[in-house]
Every structure is written in C-alpha cells, then in structure tokens.
Amino acid sequence: MYLVGSDKKMDYVNGPGRNHLFVPGPVNIPDQVIRAMSRNNEDYRSPAIPALTKTLLEDVKKIFKTTSGTPFLFPTTGTGAWESALTNTLSPGDRIVSFLIGQFSLLWIDQQQRLNFNVDVVESEWGQGANLDALASKLAEDRAHTIKAICIVHNETATGVTNNLATVRKILNQYNHPALFLVDGVSSICALDFRMDEWGVDVALTGSQKALSLPTGIGIVCASPKALEASKSAKSVRVFFDWKDYLKFYKMGTYWPYTPSIQLLYGLRAALDLLFEEGLDNVIARHNRLATATRLAVDAWGLKNCTQKEEWHSDTVTAVVVPEYIDSSEIVRSAWKRYNLSLGLGLNKVAGKVFRIGHLGNLNELQLLGCLGGVEMVLKDVGYPVKLGSGVAAAATYLQNTTPLIPSRI
Ligand SMILES: Cc1ncc(COP(=O)(O)O)c(C=O)c1O
C-alpha cells in the first residue's frame, strides 16, 4: 500500500489478487528470487561474497552465450551499462554508426553525442528495423576504417522491433571491417536468441529488471577480448564504470572495487538458477510462444502491430497501434485504474498511437491470457468495437496446441 494523488489516497497495488504487470520492464520477480533477496547485509570483504561473485561471473557468461567474454556487474541500470560500453572502448571524436529506430535507440544516440563521439545516425521509420543496407554502403566506402564502432539496439522496446544481429556481423565480415560491434541487449538477453561469440559481438549489455526478472540495479556488461584490448587505449574519461578497476579486483580475487548490493547478488544467483533449471532454450521458446499468442490476439482484435514486417517481430514486447480516434494513453490509464493491469505507454513519436504489451521475463501462458482478457475489456471501455473473447480465443487456441508439459510433472 502507498499513498497516491493529491488527496493521498491509499492504493492497494497488490490486492486483492495481483497487479498484472505487463510493461516491458521492470517485470514480475519470481517468488524464489524475492525470498533469496530477503536477507541481511554482509561484509562484502568476507570470503562468502567473492565466492558467490565468482559463480555469478562464470554463469552470467552463459546468458550471453560466450566463453571468451569478460562480464562486469555494475550497480546501475541499462543507461549506465550503455555508458560503460562506450567510454571503455572509444575515444572522444571517434566515428561510430548508430541506428535510430525508436525511443531507446534515440536515447543511446543522445548519450553517444553527449559523450562527444562523432555519430553517423542511420534513421528508419519507427516500426522498422535498422537499415542494414545503409550499413553495408557505409562500410564499403570506409576503406580507411574511420568507423570505430557499430552501435545497435537488439530489441527496440518502444516499437517491438528486433534487429538481426547475425546479418550485422555478416556485413562487417563481408567488408573485413574492424569496427567494434556494440549491442544493447537490454530487452533481449535471457529472452531472445543471443549469441555473443558466434555473432562476434564485442560489447553486449543488459539490465537486471528485464528478462532476468530481478529488481532494477545491476547493469551487466560483457566485453570480448577485442573490446578489452580496445579499452587499453580508449581515451574517454570514465571513473565509476572503468573496467580497469574491476579487472584489478578480479585478479586479486576480491572482485569489488566498491560496495555491491548483497541482496541483488543473491537475487541474481537465484534468477540464474531458475533460468538454467528451465533451460535457456526453453526460456527462449516460451517467449516465442507468448509473443506469438499475443500477436494472434492483436490480429483477432483487428488491430495492427507497430512492427512493419514479420522478420522484425519482437518476442518480448508487442506495440499495438490503435485507431486514430482513440488515444492509446487512455487505454493504459484505464487498464491500471479499472483492472489493475499495467500496460506500456507509447513513447515519443508513437505516444498516443500505440500501447505496449510486455511479455518478457517471469510469465506463463495463463498470466498472458489474463492480460489479453483485460486488454479486450479496456478496448471496449474506450469505444473500440472489439468482440470480447476474440483475442483470448485466438491466443488460447494457439497456446493449447503448443504449450509443453511441465517437465517435472510428466
Ligand atoms: C532497449 C533498452 N535499452 C536501454 C534502456 C534503458 O535502461 P534503464 O532504464 O535500465 O536505464 C531500456 C529501458 O527500458 C531499453 O528498453
């Protein structure tokens, strides 16, 4: 319970029943993780925390699908992880290519510009993926290798667009171009297929509050050997996010240059255990199943997906375009006020035009059906002529045919 509004009314956010949290991060935290975090502070210089950290650093590599990468657990959010990736590998004035396809790629580009990099912005209409033909042309022209890095958001959370990272690597290889490949995996890693080593990603990053299903507060950055090498000569000023300080403490076996959140470390341990118990491939398949069901519901409602082509469809978030006579913010407001359902707002260029259903992290089929049922009621509330049950039926039909047995109950 907490106080909201000018008249300071109580809001029973957790009761009766559950808040249906369907924003694309922060997401639902598993009970096991909540329990694992419910503990006292500890001396992080005792042997226990370095021992725990060692297991976390080893295991976190698995979510990036890397054996050669070096992970860093920063007490930060995705935005801090962006800054760490950029300032450790690049120098002011360096030329980089960055793709603008929605609000989060826009914010990363803004950060790149404020850090004084020379950014070639490749813009696409919101709802489209990164223009990789433009990347090919730029690399073909750049025989002198003036481009030092390619920055791309794997999954643009504002529009529900997933970019094809394997193709980016293919293009870099085709032109034998040495640019660093920096990837924002904030709303993809632990939910979508992500292969750091296979795709030759040099820096990948994510935030704990997305598919890892933890509270906000850990920015995970993973650097390839090439990125670590680049960090030795990169001249950008960095202090809090400097990989060098972490590496020094890794060598000493104490791991932390400053105080970590003990509770989040235990939470991360529990979150990784749950992911591995389910199996990363099963986690990815579950995200695909829930996303497909959501897209079928959107079709059944007669509404459009903001994502313009199937190849870009995101399995973590669906941005739904509403008819012009409806303000999508009203849908989000009404869902929260009436049904205790939290949906994502449309951001910036698509504000008022789309609402977003986040289907990532700690979620299952029946939770999703609850959300879709809620969306239908809200659509009716705001005057859209939806047939109640139509989207739920389409999604349930698909889920009934595709949901596997729970392994431990076979
Ligand atoms: C793709 C993407 N990148 C970066 C961010 C920024 O992360 P944070 O809000 O944790 O700083 C977000 C946040 O939603 C995101 O979706």
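**Exercise 1. What percentages of helix and strand does the chain have over residues 54-331, and how far apart are the end C-alpha atoms?**

Solution. The model is a predicted one, in which local features need pLDDT of at least 70 and side-chain atom pairs count only at pLDDT 80 or more, while totals for chains, interfaces and linings use all residues. Residues are numbered from 1 along each chain as its sequence is written. Begin with the record: UniProt, in an unreviewed entry, lists residues 54-331 as "domain: Aminotransferase class V", and such annotations may be inferred rather than shown by experiment. Over this stretch the chain is 42% helix and 18% strand, where helices (H or I, at least four residues) and strands (E, at least two) are DSSP runs numbered from the N terminus. The end C-alpha atoms of the stretch are 45 Å apart.

**Exercise 2. Describe how helix H12 packs against H10, H11 and H13.**

Solution. Two packed helices are described by the angle between their axes and the distance between the axes. Axes are lines fitted to C-alpha atoms, for helices over the stretch in contact, and angles run from 0 to 180 degrees between N-to-C directions.

Step 1. Helix H10 (residues 280-300) and H12 cross at roughly 25°, their axes coming within 11 Å. H10 is therefore roughly parallel to H12, since angles under 35 degrees count as roughly parallel, over 145 as roughly antiparallel, 65 to 115 as roughly perpendicular and the rest as oblique. From H10, Leu-290, Ala-293, Thr-294 and Ala-297 meet Glu-365, Leu-368 and Leu-372 of H12, contact being defined by C-beta atoms, placed from the backbone, that lie within 7 Å.

Step 2. For helix H11 (residues 328-339) and H12 (residues 365-381), the axes come within 9 Å and cross at roughly 115°. H11 is therefore roughly perpendicular to H12. Here Ile-331, Ser-334, Ala-335, Arg-338 and Tyr-339 in H11 meet Gly-374, Met-377, Val-378 and Asp-381 in H12.

Step 3. H12 and helix H13 (residues 390-402) pack at about 165°, with axes 9 Å apart, so H12 is roughly antiparallel to H13. On the H12 side the contact involves Glu-365, Leu-368, Leu-369, Leu-372, Gly-373 and Glu-376, which meet Gly-391, Val-392, Ala-395, Ala-396 and Leu-399 in H13. By class, this contact has seven nonpolar, two polar and two charged residues (Ala, Val, Leu, Ile, Met, Phe, Trp, Tyr, Cys and Pro count as nonpolar, Asp, Glu, Lys and Arg as charged, and the others, Gly among them, as polar).

**Exercise 3. Which residues surround the ligand, and of what classes are they?**

Solution. The residues around the ligand are Gly-25, Thr-77, Gly-78, Thr-79, Phe-104, Val-153, Thr-157, Asp-184, Val-186, Ser-187 and Gly-207, a residue being near a molecule if its C-beta atom, placed from the backbone, lies within 6 Å of it. Sorted by class, this shell has three nonpolar, seven polar and one charged residues.

**Exercise 4. Locate the backbone features at Pro-26 and Lys-65.**

Solution. Gly-25, one of the residues around the ligand, is joined to Pro-26 by a cis peptide bond with omega near 0°, and Pro-26 is found in the loop between strand S3 (20-22) and helix H1 (31-37). Lys-65, although not a glycine, has a positive phi of about 50°, and its place is in the loop between helix H2 (48-64) and strand S4 (70-74).

Technical notes:
Contact = placed C-beta atoms within 7 Å.
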